Amino acid sequence: MKALLIPSAVAVTLASLLAGCGPQAPTEEALRSVRTVEVRYDGARETSRYFGSVQARYEIDQAFRVGGKVMERRIDVGQTVGEGDVLAVLDDVDYKLTEQATQQQLEAAMARARQAESDSRRLQALKLDGSVSESDEEHAESELLTSRAVAEAEARKLELARNQVEYTVLRASTSGVVTNVHIEVGQVVAAGQPAIGIANEGEPEIVVDVPEAHLEAFKTAGYRAWLANAPDDEFEVELRELSAQAAEVTRTYRARLKPATPRTLPLGATATLLAERAASGAAVAAIPASAITQTHGDPAVWAVRRDGSEPAGTVELMRIDVHGYRNDEVLVSGPPAGVLVVTAGVQKMAPGLRVALLDTTRDEDAAKAARQ
């Protein structure tokens, strides 16, 4: 019998196929990666966010002290003015006519006073020879006093008339930037009607409205703020004024806060205010809202029990008590301090599932991320 010769290449291929048919060694299943946060009960804070605007602490509405027709308006919104600068001018023709008439009345009153004084001197001379009765003397003295009083009153009227002529020119009572203009050339305005608003840029404030339910907590909070056009430039502010009475329509309290250190803020800019204070009542921990799930209708979280020092562990469902919500976080109690809680992919967890820990985020980092 003749032996069957098999080429070497074919032999290698057959050996490989035969080896593939044998039992394979089991491979370890890849662990699901999760992000976690550490439960901490120290330093949990209640945070409220408010939206407001930058306003000047001092903003004054300039107004004419007399009424009339506007002949000139020399400024526009956004312009910077100095104290004493002319803002607008009224038609002063009528006021100048009144001034001239009052001037003439004063001259007539002064002439009568001089005549009364001359008559009084002559009566005094005639009194020496008994030619003047006491009644004539008293009448002359009374006429002199009356004429002098009338002349003085007319002098005061002339002063008022001159003041009214000056009041037809509206001058800035303070330096600042023009924020509002309520008049136009040709418009007839009344005395005291707001005409032009001037704000002092040197003392900007952030103004927000606080709901009634937040009022007591707002009073004891610490404050930080930033502007919409500079969200990364966060700065501390201090409460300067809190309205004692709620607004009739909105039922909110107006709060005015100034920067802790003087700084320039653009008037009218949108601002965000954070009011933070230590959580009251039972000890609570702040965890991301994405970590919350349910078990039999009760709130719960997936807690991770670590395998020694390895970056892996086993998840289990743990009931919690919810004490409140703030932005993207939940205030809870129940889990022991230091427990790692899954913050993402909780819907894919199952009891006893082994997971790999990507990182452990403390509650300060979670709070900072929520604010951003």
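Visitor: Which residue has its charged end over the ring of Phe235, and how far is that end from the ring centre?

Guide: Please keep in mind that this is a predicted model. The ring in question belongs to Phe235, and the charged end that sits over this ring is that of Arg263, with a distance to the ring centre of 4.2 Å.

Visitor: How many aromatic pairs does a search of the whole structure find, and what is the geometry of the pair formed by Tyr50 and Phe218?

Guide: The search finds two aromatic pairs. In the pair of Tyr50 and Phe218, the centres are 5.5 Å apart and the planes make an angle of 85°. Because planes over 60 degrees apart count as edge-to-face, the pair of Tyr50 and Phe218 is edge-to-face.

Visitor: How many residues apart in sequence are the parts that the pair of Tyr50 and Phe218 ties together?

Guide: Tyr50 belongs to strand E2, which covers residues 45-56, whereas Phe218 belongs to helix H4, which covers residues 215-219. The pair therefore ties together parts whose separation in sequence is 168 residues.

Visitor: Are Tyr50 and Phe218 buried or exposed?

Guide: A residue counts as buried when its relative accessible area is under 20%. Tyr50 has a relative accessibility of 6%, and Phe218 has a relative accessible area of 1%. Tyr50 is therefore buried, and Phe218 is likewise buried.

Visitor: What kind of pair do the rings of Phe218 and Tyr223 form?

Guide: Their centres lie 5.1 Å apart, with an angle of 45° between the planes. Tyr223 is itself buried, at a relative accessible area of 9%, and ring pairs link Tyr223 with Phe218 and Tyr50 into a cluster. Because the planes of Phe218 and Tyr223 stand at 45°, their pair is tilted.

Visitor: Turning to the strands, which residue takes a positive phi in the hairpin of E17 and E18?

Guide: Strand E17, residues 293-295, and strand E18, residues 298-306, pair in the antiparallel sense over three bridges, and Thr295 has Asp298 in E18 as its bridge partner. Two residues lie between the strands of this hairpin, and the one with a positive phi, near 55°, is His296.

Visitor: How many bridges join E18 to strand E19, and which residue in E19 is the bridge partner of Trp302?

Guide: E18 and strand E19, residues 312-319, run antiparallel and are joined by seven bridges. They form a hairpin with five residues between them, where Gly308 in the turn has a positive phi of about 60°. Within this pairing, the bridge partner of Trp302 in E19 is Leu317.

Visitor: Which residue in E22 is the bridge partner of Val304?

Guide: E18 also pairs with strand E22, residues 340-342, in the antiparallel sense, over two bridges. In E22, Val304 has as its bridge partner Leu340.

Visitor: Which strands stand at the edges of the open sheet of four strands?

Guide: The order of this antiparallel sheet is E7-E6-E4-E9. Three bridges join strand E6, residues 86-90, to E7, with Ala88 standing opposite Leu170. One side of each edge strand is left without a neighbour in the sheet, because each has a single partner strand, and these edge strands are E7 and E9.

Visitor: Where does Ser333 lie, and which residues does Ser333 touch beyond those up to four places away in sequence?

Guide: Ser333 has its place in strand E21, residues 329-333, and counts as buried at 12% relative accessibility. Leaving out residues up to four places away in sequence, Ser333 touches Tyr41, Ala283, Ile320, Asp321 and His323.

How values were computed: Residues are numbered from 1 along each chain as its sequence is written. This is a predicted model: local features need pLDDT of at least 70, side-chain atom pairs count only at pLDDT 80 or more; totals for chains, interfaces and linings use all residues. Side-chain values use heavy atoms; hydrogens and water are left out. Rings of Phe, Tyr and Trp (its six-membered ring) pair if their centres lie within 6.5 Å; planes under 30 degrees apart count as stacked, over 60 as edge-to-face and the rest as tilted. Buried means under 20% relative accessible area, exposed over 50%, partly exposed in between (1.4 Å probe, protein chains only). A charge sits over a ring if NZ of Lys or CZ of Arg is within 6 Å of the ring centre and within 35 degrees of the ring normal. Two strands pair if DSSP finds at least two bridges between them. Contact means heavy atoms within 4.5 Å.
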